[in-house]
Amino acid sequence: MTSQTTIDTTGSEGKAPAVPSDATPAKGLRGHPWFTLITVAVGVMMVALDGTIVAIANPAIQKDLGATFAQVQWITNGYFLALAVALITAGKLGDRFGHRQTFLIGVVGFAAASGAIGLSSSIAAVVTFRVLQGLFGALLMPAALGLLRATFPAEKLNMAIGIWGMVIGASTAGGPILGGVLVEHVNWQSVFFINVPVGILAVVLGVVILLDHRAENAPRSFDILGIALLSAAMFCLVWALIKAPEWGWGDGKTWTFIAVSVLGFALFAFWETKVKEPLIPLALFRSVPLSAGVVLMVLMAIAFMGGLFFVTFYLQNVHGMSPIDAGLHLLPLTGMMIVGSPLAGAMITKLGPRIPLAGGMAATALAMYGMSTLQTDTGSGVMSLWFALLGLGLAPVMVGATEVIVGNAPMELSGVAGGLQQAAMQIGGSLGTAVLGAVMASKVDSDLAGNWTSAGLPPLTAAQEAQASEAVQVGVPPVAPGTPNAIAAKITDVAHDTFISGMSLASLVAAGVAVVAVFVAFLTKRGENAEAGAGAAHI
């Protein structure tokens, strides 16, 4: 294949890539590539930030609204569930109606839902509007990638995606810090109200700067049954992953939802071969690099999201840090992602994606191995070293895998490709948290009783041991009120040592996943259709 070959989705092989019908040189602000990047970065910053900033606000929300722990969990779960289920369909909407329109609708809806959460007086309202946040966030994320793809020339696209990935990484990692400051010095509502002025800024910039780009052979109809089947399959899969820690991996309900999900994906795949304009043309996956890019995003998210999930408990519950301090200790990771993403974009442009992607996943594997060696008394310097290496490893993967997925898809399917990229991250993150959580739980269950007895502590009943295990899985010592100091100190040591053993095993599993991803990275190559948007603007 030459660089001008697209993936056939209509039955005619080898035709020239679809160039936007309005592909004209950018004049002034309208359609300017770098101003377009700034605009979409402001929008996606809200979505990425809200994925982590709310975790700090949850205790205050629980106390203020009198919510149960399960209800508070749905503040996060509802958001991620809606986001994961709707991403690919939202990308298709952008391909059909234009990415500028879907981006602006997504920003307006996201900001409005954020303001409504801040005004809510019940936990039910908070969860409802969080679901709406996720749905509107799903609209603007693939649209942002579609706009970048259509606006930037091929030789600048990796740099643009690098900066885009930097914004997402910095926002995700910076969420706990900003959330801690707002909750501590203002109130929990401010965590959501802050999105309103940011959203207004993004809308103003979008109206003035963004130029609508539509491929000449963009879809003209909707695959309603395909949308329903894919949404149901995604819902059942993510629901099973969310509920598995509560139900247990051996529970029939967990595997029922997984089985229904598999059936849904199978029916979806069958239907896509029959419909005239499918939601996801399966011919997309004839591209080995694109398929490898999707798998790579899933594996990266499993290692990153799953591994990092326990680090926050380690910092706060084992080292006793405040949420703000814990966030500050993660700054080396954030900083290296900020520095590394644009550099990775330049490197990928020069060398192609294979070496940077493989090197990034190798660095991620080494970082996760290093995190498996953390102990209760590990100093900040050693922690910072491994966190920085993790950020350095993730940067080229975030940039390169995104370019591989979006660049290897035809221009008219750039929104769907962007949805695939984001959905792969969401599924990988949910899978990583669930699977590595199960590894942690299994290790704690197997070690706790022996460690408890070896410390000379009074024996526990089965019910007490189950309760203690749940606490230890997040690094909390199960010390009952009124326990003598000497006994409390022993319990704390046992809890922390047992937690460390579980976190170490989970980190090693994450490192193993990253090693597998190294080999997947060698299946990738530069986007064959990146030039499809190159005529949309000139820098």
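Which residue lies over the face of Tyr79, and at what distance from the ring centre? Arg130 does, at 4.1 Å from the ring centre. The model is predicted.

## Confidence

The chain has a mean pLDDT of 80. Of its residues, 88% reach 70 or more. Over residues 1–26 the pLDDT is below 50. That stretch still has 64 contacts in the model beyond near neighbours in sequence. Residues 532–539 also have pLDDT below 50. Here the model shows 36 contacts beyond near neighbours in sequence.

Where pLDDT is low, predicted coordinates should not be read in detail. The contacts of residues 1–26 and of residues 532–539 call for that caution.

## Tyr79 and its ring partners

A pair of aromatic rings is described by the distance of the centres and the angle of the planes. The count for this model is 5 aromatic pairs. One of them joins Tyr79 and Phe110. Their ring centres are 6.4 Å apart, and their planes stand at 70 degrees. The pair is therefore edge-to-face, since the cut-off for that class is over 60 degrees.

The pair links distant parts of the chain. Tyr79 belongs to helix H2 (residues 69–97) and Phe110 to helix H3 (residues 99–118). Tyr79 and Phe110 are both buried. Tyr79 also has Arg130 over its ring face.

Trp239 has 18% relative accessibility, so it counts as buried. Phe257 has 25%, so it counts as partly exposed. The cut-off for buried is under 20%.

## Salt bridges

Side chains of opposite charge can pair when their charged atoms come close. The structure holds 2 salt bridges. In one, the side chains of Asp251 and Lys253 meet at 3.4 Å, N to O. Asp251 has a relative accessible area of 23% and is partly exposed. Lys253 is partly exposed as well, at 41%.

Asp447 and Lys443 form a salt bridge too, with the closest N and O atoms 3.3 Å apart. Both residues lie in helix H15 (residues 414–454). They are 4 residues apart, about one turn of the helix. Lys443 is partly exposed, with a relative accessible area of 26%.

Ser190 is in helix H6 (residues 190–193). At 11% relative accessibility, Ser190 counts as buried. A polar atom of its side chain lies 2.5 Å from the backbone oxygen of Asn187.

His99 has its place in helix H3. With a relative accessible area of 4%, His99 is buried. How far apart are His99 and Leu140, in sequence and in space? The separation is 41 residues in sequence and 8.2 Å in space, C-alpha to C-alpha.

Terms used
Residues are numbered from 1 along each chain as its sequence is written. Side-chain values use heavy atoms; hydrogens and water are left out. Rings of Phe, Tyr and Trp (its six-membered ring) pair if their centres lie within 6.5 Å; planes under 30 degrees apart count as stacked, over 60 as edge-to-face and the rest as tilted. Helices (H or I, at least four residues) and strands (E, at least two) are DSSP runs, numbered from the N terminus. Buried means under 20% relative accessible area, exposed over 50%, partly exposed in between (1.4 Å probe, protein chains only). A charge sits over a ring if NZ of Lys or CZ of Arg is within 6 Å of the ring centre and within 35 degrees of the ring normal. A salt bridge is a side-chain nitrogen of Lys or Arg within 4 Å of a carboxyl oxygen of Asp or Glu. A polar contact is a pair of N or O atoms within 3.5 Å; within protein, one must be able to donate a hydrogen and the other to accept it, and residues adjacent in sequence count only if both atoms are side-chain atoms. pLDDT is the predictor's confidence in each residue, from 0 to 100. Contact means heavy atoms within 4.5 Å.
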